[in-house]
Amino acid sequence: MNGDAKGAHSRAFLALLLAFFVNFLGYAFIVPILPSWQTQFSLNATQATLLVSLWAVPLFLLGPLTGRVTDRFGAGPTVLVSLLLLTGSSLLYIVATNELVGRPFLLLALARLVHGASGATIMTAGLAAASKLWPTQFGEQAGKLLGIAAIGGLFGPVMGGLLFSWGEAYAFGILAAVTFAVVPLVALARRDIGGSTSGVSSTVSLSVFFSDVILFRVGVLLAITTVATGALEAGVPLFLDDTLGLNSAQIGGVLLVMVLMQGIGSVIWGKWVDRNGPTRYMIIGWTVVVLSLLGVGFVGSLLSGNVAIWAMVALLGVFQFSIAAAQIPMLPMIDTATNRALGEGNPGLAFGVFGAAWAAGTILGPLLVGPVFDIFGSWALALGGLAIPAGIALLITLKNRGMLHDCYETEIQKRKANITQ
C-alpha cells in the first residue's frame with residue numbers, strides 16, 4: 001500500500017471512529033435525564049423506558065433500507081448526512097425539553113426515532129466501509145469501531161447527567177455541538193470512506209438472508225448476543241438493587257466494569273479473529289458466556305454482602321468480555337458469507353439486514369427478563385436463565401463450525417490472492 005492510500009485509510013478510519021463515538025454517546029445520554037422527564041411530563045415507567053428502547057426501533061424496521069442507501073450513494077456521503085440528522089435530533093431534544101411546542105413528549109419520541117434512524121445508518125455505512133477498506137483486517141478494524149462505540153456509550157450517561165444538572169438547555173446544545181464537530185472531518189474524508197459503487201444489484205431479494213444456510217445461522221447467533229446484552233442492560237440494575245441492596249454508585253461501578261470489558265474485548269477479539277479465523281473464538285465466547293450467566297444466577301441466589309458484590313462485578317465483567325468474543329467474529333462472517341452468496345457490491349445491504357437482527361435482540365432481551373422475574377420473583381433465575389439461549393447459540397456454533405470456517409477461509413484466501421496480484 002503506497003503512502004497516499006495509507007493516508008486515505010487513516011483519514012477514513014479516524015472519521016469513522018469519531019462518528020461511532022458520538023453516535024453511541026447520544027444513545028445513553030438520556031438515561032440519567034429520564035427521572036427529570038418523568039416528573040416534568042408526568043410519564044409512567046413504561047413511557048419513560050420507551051424513550052430508551054425507541055432508539056433500536058428504526059434499526060429493526062429500516063436496517064435493510066439503510067443498507068440499500070449505503071450501497072447506492074456510498075458510505076461516505078451516507079455517514080455525512082446521518083451525522084447532520086444526528087445533530088438535528090439533539091436540537092429536537094432542546095425544543096421538547098423546554099416545551100417550546102405542544103405535545104413535547106411526542107416530540108421527545110420523534111427526536112429519539114430520528115436519533116435511532118441516523119445512528120443505525122452510521123453503523124450500517126461504517127461497517128460496510130470498513131469491510132471494503134480493510135478486506136483482510138476487517139475483524140480488527142470493526143472491533144476497534146465497536147470498542148470506541150462502547151466507550152461512547154459509557155461516557156454518554158455521565159456527560160448527560162452532569163450537563164443536565166448544570167442546565168437543561170445546555171446539555172443537548174453541547175451534545176449537538178460535539179456531534180456536529182465531527183461533520184467537517186467526515187466531509188473531508190467522505191471520498192476516502194467510500195463513494196457510490198457501480199454494479200450494485202438493487203434487486204437482491206431479502207429472502208436470500210433466510211434461505212442461505214450460513215447467513216441465516218449467523219443472523220440468529222447475532223440476535224442471541226443482543227438478547228443477552230439487552231436483557232442484562234435492563235435487568236442488572238434492578239437485580240443489584242433488589243437482591244444485593246447496592247446503592248446507585250455501586251450499581252454504576254458494576255455497569256462501568258461491564259461496558260469497559262466489552263470495549264476492551266471488542267478490540268482484542270477482532271485482532272485475533274483476523275489472525276486465526278472466527279469460529280474458535282465464537283466457541284470460546286459462547287462457552288464462557290454460558291458459564292458466566294450460570295454463575296450470575298448462582299451468586300445471586302446463594303451469596304450476599306461484599307462477597308456477592310465483588311463476585312457479581314467479576315462475573316459480569318467476564319460476561320461482557322466473552323460476549324464480545326461471540327459477537328465480533330460474526331462481523332467478518334457476515335462480510336464473507338454475503339460475498340459468497342451475493343458477490344461484491346452489497347456490503348451495506350448485508351450489514352443493514354444484520355443490523356435489524358441486532359436490533360431485534362436488543363428489543364426482545366428486556367421483554368424476556370422482566371416477565372420471568374414477575375412470574376418467579378427471582379432476579380437470579382431471570383438473569384441466570386439467559387444461559388439457555390446462550391447455550392442454544394453454542395450448540396448452533398458447534399454444529400456448524402466446519403461450514404462457517406470453510407466459508408470464511410475460502411473468501412479470505414481469495415482476497416489475499418487479489419491483494420498480492
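**Burial, salt bridges and cores in a predicted model**

Q: Why does Arg11 count as partly exposed?
A: Arg11 has a relative accessibility of 43%. Buried means under 20% relative accessible area, exposed means over 50%, and partly exposed lies in between (1.4 Å probe, protein chains only). Because 43% falls in the middle range, Arg11 counts as partly exposed.

Q: What kind of model do these values come from?
A: The model is predicted: local features need pLDDT of at least 70, side-chain atom pairs count only at pLDDT 80 or more, and totals for chains, interfaces and linings use all residues. Residues are numbered from 1 along each chain as its sequence is written, and side-chain values use heavy atoms, with hydrogens and water left out.

Q: What makes Asp192 and Arg11 a salt bridge?
A: A salt bridge is a side-chain nitrogen of Lys or Arg within 4 Å of a carboxyl oxygen of Asp or Glu. The N to O distance for Asp192 and Arg11 is 2.9 Å, so the pair meets the rule. The two residues are 181 residues apart and link distant parts of the chain, with Asp192 in helix α9 (residues 183–193) and Arg11 in helix α1 (residues 3–27). Helices are DSSP runs (H or I, at least four residues), and strands are runs of E of at least two; both are numbered from the N terminus.

Q: Is Asp192 buried or exposed?
A: Asp192 has 18% relative accessibility and therefore counts as buried.

Q: How many salt bridges does this rule give?
A: The count is two. Glu140 and Lys144 also meet in a salt bridge, at 3.2 Å from N to O. Both lie in helix α7 (residues 138–166), four residues apart, about one turn of the helix.

Q: Why do Glu140 and Lys144 fall in their accessibility classes?
A: Glu140 counts as buried because its relative accessibility is 15%. Lys144 is partly exposed because its relative accessible area is 27%.

Q: Why is Asn23 called buried?
A: Asn23 has 0% relative accessibility, so it counts as buried. Asn23 is found in helix α1. Beyond residues up to four places away in sequence, Asn23 touches Trp55, Leu86, His115, Gly119, Ile122 and Met123, where contact means heavy atoms within 4.5 Å.

Q: Why is Gln141 called buried?
A: Gln141 counts as buried because its relative accessibility is 9%. Gln141 is found in helix α7. Leaving aside residues up to four places away in sequence, Gln141 touches Phe13 and Trp134.

Q: What makes a set of residues a nonpolar core?
A: The set consists of buried Ala, Val, Leu, Ile, Met, Phe, Trp, Tyr and Cys residues joined through side-chain atoms within 4.5 Å. The largest such core has 100 residues, and Leu83, Ile193, Trp286 and Leu331 have the most contacts inside it. A second, separate core of 23 residues includes Phe29, Leu108, Ala109 and Leu175.

Q: Which residues make the nonpolar surface patch of about 550 Å²?
A: The patch is made by Phe60, Leu61, Leu62, Leu65, Val69 and Phe73. Patch residues have over 30% relative accessible area and no salt bridge; nonpolar side chains (Val, Leu, Ile, Met, Phe, Trp, Tyr) are joined within 5 Å, and like charges within 9 Å. Val69, in helix α4 (residues 57–73), is partly exposed with a relative accessible area of 31%.

Notes: Areas by Shrake-Rupley, 256 points an atom, 1.4 Å probe, with all protein chains shown as cover.
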